[in-house]
Amino acid sequence: MVAAVPLFFFMSGYLYFVGSADKGFTFQAWKKKSWNRVKSLVVPYIAWNLLILALFAGVQYLTGNSPTM
């Protein structure tokens, strides 16, 4: 499955621009679309990673830094 990642890349690029072909793709439309992507992808990514880091820190604290954990 060597083609899976490039295929996903091209499909996501197509879907990014598919709705804006009839109205034109301006800088304002790009800015709004990109900001929506940041809010829906980057913010949850950072939140979940911070949660996991906090859980790992809590386990390390509760177990006294045991070699098992």
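Student: Does Tyr16 count as buried or exposed, and what is its relative accessibility?

Tutor: Buried means under 20% relative accessible area, exposed over 50%, and partly exposed in between, with a 1.4 Å probe and protein chains only. Tyr16, at 11% relative accessibility, counts as buried, whereas Phe17 is partly exposed at 42% and Phe25 is partly exposed at 33%. This is a predicted model, in which local features need pLDDT of at least 70 and side-chain atom pairs count only at pLDDT 80 or more, while totals for chains, interfaces and linings use all residues. Residues are numbered from 1 along each chain as its sequence is written, and side-chain values use heavy atoms, with hydrogens and water left out.

Student: How many aromatic pairs does the structure hold?

Tutor: Rings of Phe, Tyr and Trp (its six-membered ring) pair if their centres lie within 6.5 Å, and planes under 30 degrees apart count as stacked, over 60 as edge-to-face and the rest as tilted. The structure holds five such pairs. In one of them, the ring centres of Tyr16 and Phe17 are 5.0 Å apart with the planes at 80 degrees, so this pair is edge-to-face. Phe17 also forms an edge-to-face pair with Phe25, at 4.9 Å centre to centre and 70 degrees between the planes, and Tyr16, Phe17 and Phe25 form one aromatic cluster.

Student: Which residue lies over the face of Tyr16?

Tutor: A charge sits over a ring if NZ of Lys or CZ of Arg is within 6 Å of the ring centre and within 35 degrees of the ring normal. Here Lys33 lies over the face of Tyr16, at 5.5 Å from the ring centre.
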